[in-house]
Amino acid sequence: MFLRVRRFSFLSACCLGLLACTGYETKKVPASSILEEELKQLDLKEVDTYPAFTSCDSTEGRQATKACFEQIITANFYDYLGSKTLVVPESIRDTVWVRLAIDQQGTPAFLTMRAEQRTTMYFPELEGWLKASLDSLPQVHPATKRGIPVTATFRVPIILQAD
C-alpha cells in the first residue's frame with residue numbers, strides 16, 4: 001500500500017510538473033524585430049561624443065567638448081582670415097554661416113557657406129579662404145555613436161566686421 005501511494009505521489013508530481021511548465025513557453029523573436037525596435041529608440045541625429053581635438057581631451061562632458069571643438073574651428077577661421085588683406089569701400093558687419101563635416105576618419109570637409117550678397121561681392125575669395133583654412137587644422141578625432149566613428153556636420157558662425 002505504501003508503495004502504491006509513493007508511486008501515485010511520484011506520478012502526480014511528474015504530471016503537475018509537466019503541466020506547470022506549459023505556461024513558460026518561449027517565443028522565438030526574429031532578429032529583424034529586434035533591429036526595428038533598436039532603430040526606433042536610436043536617435044540618429046545625435047552623437048554620443050562630438051568630434052574633438054587633442055587639446056580638448058581634458059574637457060569633461062559632451063557640451064564642453066563641443067564648445068572646445070567649435071572654439072578651435074572658429075579661431076582657425078579667424079586666424080586664416082586675419083592673414084588676408086581685406087579692403088572694402090564701406091563698413092560691413094555680417095555673420096557668415098559655414099557648414100562643415102568631420103568624417104569617420106576625422107577629416108574636415110567644407111560643405112557650404114551662407115553670407116549676405118554684398119559680403120560675397122566684396123570678398124569673392126571668401127569661400128576659397130574658408131576651405132583653405134581647414135587644411136591648417138590639427139588632427140580631429142571623429143564623433144562616435146555607440147563607440148563607432150561617424151560623420152558629423154556642424155554650422156559655425158563667422159562674424160565679419162570691416163570698417
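Let's start with what covers helix 5. Its buried residues are covered by, among others, helix 3 (62–82), strand 2 (92–102), strand 3 (108–114), helix 4 (117–122) and strand 7 (152–162). Keep in mind that this is a predicted model.

Which residues of helix 5 are buried? Helix 5 spans residues 126–133, and the buried ones are Leu126, Trp129, Leu130 and Ser133. Look down the helix axis. These buried residues fall within an arc of 95°, so they line one face of helix 5. An α-helix has 3.6 residues a turn, so residues three or four places apart point the same way.

Three strands make an open sheet, ordered 3-2-7, with antiparallel pairing. Strand 3 and strand 7 are the edges. Each has a single partner strand, so one side of each has no neighbour in the sheet. From one strand to the next, the twist averages 30°.

Take one pair in detail. Strand 2 and strand 3 are joined by six bridges, in the antiparallel sense. Find Arg99 on your screen: opposite it, in strand 3, stands Thr112.

Helix 3 packs on it, touching strand 2 and strand 7. The direction of helix 3 makes about 45° with that of strand 7. Helix 5 lies across strand 2, strand 3 and strand 7. Helix 5 runs at about 155° to strand 3.

On to the core. How many residues are in the largest nonpolar core? There are 33. Those touching the most other members are Ile73, Phe77, Val96, Val98, Leu126, Leu130 and Ile158. Two or more residues each come from strand 1 (52–53), helix 3, strand 2, strand 3, helix 5 and strand 7. Strand 7 gives the largest share, six residues. As a general point, nonpolar side chains in soluble globular proteins tend to be buried together.

Let's zoom in on Ile158. Setting aside neighbours within four places in sequence, Ile158 contacts Thr74, Phe77, Tyr78, Leu81, Asp94, Thr95, Val96 and Val98.

Finally, the whole chain. The protein has five helices and seven strands. From the N terminus, the order is α-α-β-α-β-β-α-α-β-β-β-β. Of its 163 residues, 28% count as buried. Among contacts with a separation of 6 or more, 71% are between residues 24 or more positions apart. The accessible surface is about 11500 Å², and carbon and sulfur atoms account for 57% of that.

Technical notes
Residues are numbered from 1 along each chain as its sequence is written. This is a predicted model: local features need pLDDT of at least 70, side-chain atom pairs count only at pLDDT 80 or more; totals for chains, interfaces and linings use all residues. Side-chain values use heavy atoms; hydrogens and water are left out. Helices (H or I, at least four residues) and strands (E, at least two) are DSSP runs, numbered from the N terminus. Buried means under 20% relative accessible area, exposed over 50%, partly exposed in between (1.4 Å probe, protein chains only). Contact means heavy atoms within 4.5 Å. Accessible areas come from the Shrake-Rupley method with a 1.4 Å probe; for residues, only the protein chains shown count as cover. The arc is that of the directions from the helix axis to the C-beta atoms. Two strands pair if DSSP finds at least two bridges between them. Axes are lines fitted to C-alpha atoms, for helices over the stretch in contact, and angles run from 0 to 180 degrees between N-to-C directions. A nonpolar core is a set of buried Ala, Val, Leu, Ile, Met, Phe, Trp, Tyr and Cys residues joined through side-chain atoms within 4.5 Å.
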